[in-house]
Amino acid sequence: MQKVLVLNGPNLGRLGSREPDVYGGGTLADLKEQLEADHPSVEVDLRQTDDEGQLIGWLHEAADARTPVILNPAAFTHYSYALRDAVAIVTKAGVPLVEVHISNPHAREEFRHTSVISGVATGVIAGFGFDSYSSALWLIRRRSN
Ligand code: DQA
């Protein structure tokens, strides 16, 4: 069974109660359920952390195991060069990594318009709620066939 790592950065553990007007009412458990329903042939390993070092460690793990990644870097998107370097380790190893966002950061505050991650990601999907993740998984599966 194909495995995919679905990594979520800071404050995404609060989905469900965090700004539902922006992020919707679904929780991370709901997200996992949706991904498993949309992609029954894939083993979804969904994780969340508020810690930058933890996220970087998981990316190193993905590069070593050659596991494709769906990454929502949350606020780290906008300023973490350390996370960018870790993402580059994954993609330069030839492992696909899709940057996703629930909201469309370009339609929000100015500081969200910059992503230091996008330039080293395989691609980016933003603005489609949890469907951003499901579409990313579809694209990863298509690449792996
Ligand atoms: C987010 C957008 C980021 O700007 C924000 O900091 C998040 C969530 C999104 O999924 O829309 O935490 O990555």
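Colleague: Which residues of α4 are buried?

Modeller: In α4, the buried residues are Leu-83, Ala-86, Val-87, Ala-88, Val-90 and Thr-91. Keep in mind that this is a predicted model. The general idea for a helix is that it has 3.6 residues a turn, so residues three or four places apart point the same way.

Colleague: What covers the buried residues of α4?

Modeller: The cover includes α3 (52–65), β3 and β4.

Colleague: How far apart are the end C-alpha atoms of α4?

Modeller: They are 16 Å apart. Helix α4 covers residues 81–92, and its twelve residues should span 16 Å at 1.5 Å a residue, so the two values agree. After α4 comes Gly-94, which has a positive phi, near 85 degrees.

Colleague: Now the sheet. What is the order of its strands?

Modeller: First the general idea: strands of a sheet pair through backbone hydrogen bonds, either parallel or antiparallel. Here five strands form an open sheet with parallel pairing, in the order β2-β1-β3-β4-β5. The edge positions belong to β2 and β5; each has a single partner strand, so one side of each has no neighbour in the sheet. From one strand to the next, the twist averages 20 degrees.

Colleague: How many bridges join β4 and β5?

Modeller: There are four bridges, and the pairing is parallel. In one of the strands, β5, Val-124 is the bridge partner of Glu-99.

Colleague: Which strands does α5 touch when it packs on the sheet?

Modeller: Helix α5 touches β1, β2, β3, β4 and β5, and its direction makes about 145 degrees with that of β1. The helix runs over residues 131–144, which is 14 residues, and reaches 20 Å from its first C-alpha to its last, close to the 20 Å expected. Its buried residues are Ser-132, Tyr-133, Ser-134, Ala-136, Leu-137 and Ile-140. The cover over these residues includes the strands β1 (2–8), β2 (42–48), β3 (69–72), β4 (97–101) and β5 (123–126), and also α2 (28–38).

Colleague: Is His-101 buried or exposed?

Modeller: His-101, which lies in strand β4, has 7% relative accessibility, and therefore counts as buried, the cut-off being under 20%. Its side chain makes a polar contact with the side chain of Glu-99, at 2.6 Å. Leaving aside residues up to four places away in sequence, His-101 touches several others, among them Asn-72, Thr-77, Ile-125, Phe-128 and Ser-132.

Colleague: How many aromatic pairs does the whole structure have?

Modeller: In general, a pair of aromatic rings is described by the distance of the centres and the angle of the planes. A search of the whole structure finds two such pairs. Phe-76 and Tyr-79 have ring centres 6.0 Å apart and planes at 70 degrees, so this pair is edge-to-face. Phe-130 and Tyr-133 also form an edge-to-face pair, with 6.3 Å from centre to centre and 90 degrees between the planes.

Colleague: What are the relative accessible areas of Phe-130 and Tyr-133?

Modeller: Phe-130 has 13% and is buried; Tyr-133 has 0% and is buried. In the other pair, Phe-76 is buried with 6%.

Colleague: Where does Pro-40 lie?

Modeller: Pro-40 is in the loop between α2 and β2. Its relative accessible area is 61%, so Pro-40 is exposed, the cut-off being over 50%. Pro-40 and Met-1 are 39 residues apart along the chain, and their C-alpha atoms are separated by 9.7 Å.

Key
Residues numbered from 1 in each chain as written. Predicted model: local features only at pLDDT ≥ 70, side-chain atom pairs only at ≥ 80, totals over all residues. Heavy atoms only, no water. Helix = DSSP H or I, 4+ residues; strand = E, 2+ residues; numbered from the N terminus. Expected span 1.5 Å × (residues − 1). Buried < 20%, exposed > 50% of the residue type's maximum accessible area, 1.4 Å probe, protein only. Contact = heavy atoms within 4.5 Å. Polar contact = N/O pair within 3.5 Å; in protein donor to acceptor, adjacent residues only side chain to side chain. Pairing = 2+ DSSP bridges. Axes fitted to C-alpha atoms, helices over the stretch in contact; angles between N-to-C directions. Phe/Tyr/Trp six-rings, centres within 6.5 Å; stacked < 30°, edge-to-face > 60°.
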